[in-house]
Structure formats: structure tokens, C-alpha cells
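Subject: Structure handover and notes

Hello,

Here is the structure for you to look through. My notes on it follow below.

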Amino acid sequence: MATAKTRTRKTRLWFWSILLVAVLLGAAWLAWGEGLRKTGGAGVAYAARVGCSCRFVADRSLGDCAKDRLAGMELVSLSDDAAARSVTASIPLIASETAAYREGYGCVLQEWRD
């Protein structure tokens, strides 16, 4: 049977362990976060444009288009909006971009459409 002193010690150990992990994750985000956002931003922009072209120019399914991703892009997820004729590529908590089909132009990133 555990005593109150043992439970308190375990509770403190868990608290400090979780705090240490949180501090280390925060430090890693500060050190490498900007690079991840820039690299991730370029990756999702590429994936959105290529996915949009595959989906709405080549008229393939989004599942079939996922096969065209380059090695190293496993974290990028694709979703399409048939009504808007657009594909959004995202890496959770890092970056997201949308490309939409425009007649006569093909697929264009959202920032270039507006």
C-alpha cells in the first residue's frame, strides 16, 4: 500500500517531467520553428498546386493524386472542395495553402488569385 509521501513524490516527479518536456518542446520550436514554417510553406504550396492540377486539370481522384507526392512529403495532407474547384494542402500547426482552378490559367495559389 502506497503512503501519502510516496504518492506526493510520484506526483511531483510527473509534474516536473511534464514541465521539462514542455520547456524542451518550446525551446525546439523557438530554435527550428521559423525554418519549419518556411520549408513547410513551400512544401504545402507545391502540393496544393500539383494536387489541384491533378484533380481538376487531369480529372483524377484526390486519392490517386496523393501518389504523385514527392518523397519527404508524408506529413502533407490534401483535401478538395469540388464546388470551389480547389485543393488545400496542409501540415498541421505549421502551414496551409490552397490552390484553385481558373479557366485559362490552370491552378493558381490563393494569394495569386485575389
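Which residue does a disulfide join to Cys 52? The partner of Cys 52 is Cys 107, with an S to S distance of 2.2 Å.

Before the rest, the conventions. This is a predicted model, in which local features need pLDDT of at least 70 and side-chain atom pairs count only at pLDDT 80 or more, while totals for chains, interfaces and linings use all residues. Residues are numbered from 1 along each chain as its sequence is written, and side-chain values use heavy atoms, with hydrogens and water left out.

Overall layout

The chain has 3 helices and 4 strands, taken as DSSP runs numbered from the N terminus (helices H or I, at least four residues; strands E, at least two). Read from the N terminus, the order of elements is α-α-β-β-β-β-α. Of the 114 residues, 27% count as buried; buried means under 20% relative accessible area, exposed over 50% and partly exposed in between, with a 1.4 Å probe and protein chains only.

Disulfides

The whole structure contains 2 disulfides, a disulfide being a pair of cysteine sulfur atoms within 2.5 Å. In the link of Cys 52 and Cys 107, the torsion about the S-S bond is about -75°, so this disulfide is left-handed. Cys 52 lies in helix α1 and Cys 107 in strand β4 (residues 106–109), so the pair ties together parts that are 55 residues apart in sequence. Both Cys 52 and Cys 107 are buried.

The other disulfide is formed by Cys 54 and Cys 65, whose sulfur atoms are 2.0 Å apart. The link of Cys 54 and Cys 65 is left-handed, with -90° about the S-S bond. Cys 54 sits in helix α1 and Cys 65 in helix α2 (residues 62–65), so this pair ties together parts that are 11 residues apart in sequence. Cys 54 counts as buried at 6% relative accessibility, and Cys 65 is buried with a relative accessible area of 4%. Counting bonded cysteines along the chain, the disulfide pattern is 1-4, 2-3.

Strands

Two strands are taken to pair if DSSP finds at least two bridges between them. Strand β1 (residues 77–81) and strand β2 (residues 86–91) run antiparallel and are joined by 5 bridges. Ser 79 stands opposite Thr 88 in β2. The hairpin of β1 and β2 has 4 residues between the strands, and Arg 85 in its turn has a positive phi of about 50°.

β2 also pairs with β3, antiparallel, through 6 bridges. Thr 88 has Thr 98 as its bridge partner in β3. In the β2–β3 hairpin, with 3 residues between the strands, Leu 93 takes a positive phi near 65°. The loop between β2 and β3 also holds Pro 92, which is exposed, with a relative accessible area of 60%. The C-alpha atoms of Pro 92 and Gly 40 are separated by 9.9 Å, though the two residues are 52 apart along the chain.

β3 and β4 run antiparallel and are joined by 4 bridges, with Val 108 in β4 as the bridge partner of Ala 100. There are 3 residues between these strands in their hairpin, and Gly 104 in the turn has a positive phi of about 90°.

Core

A nonpolar core here is a set of buried Ala, Val, Leu, Ile, Met, Phe, Trp, Tyr and Cys residues joined through side-chain atoms within 4.5 Å. The largest one has 17 residues, and those that touch the most other members are Val 44, Ala 47, Cys 52, Val 76, Leu 78, Val 87 and Ala 89. Two or more residues each come from α1, β2, β3 (95–102) and β4. The largest share, 6 residues, comes from α1.

Cavity

There is 1 cavity of 30 Å³ or more, where a cavity is a set of points on a 1 Å grid over the protein atoms alone at which a 1.4 Å probe fits but cannot get out, and lining residues have an atom within 4 Å of a point. The largest cavity holds about 60 Å³ of space. Its lining consists of Tyr 46, Ala 47, Val 50, Gly 51, Cys 65, Asp 68, Arg 69, Met 73 and Leu 78. Helix α1 (residues 4–57) gives the largest share of that lining, 4 residues.

Regards

Conventions. On a 1 Å grid over the protein atoms alone, a cavity is a set of points where a 1.4 Å probe fits but cannot get out, and a pocket is an open set with protein on both sides within 12 Å along at least five of seven lines; lining residues have an atom within 4 Å of a point. Grid points are joined across faces, edges and corners, and a volume is the space filled by probe spheres set on the points.
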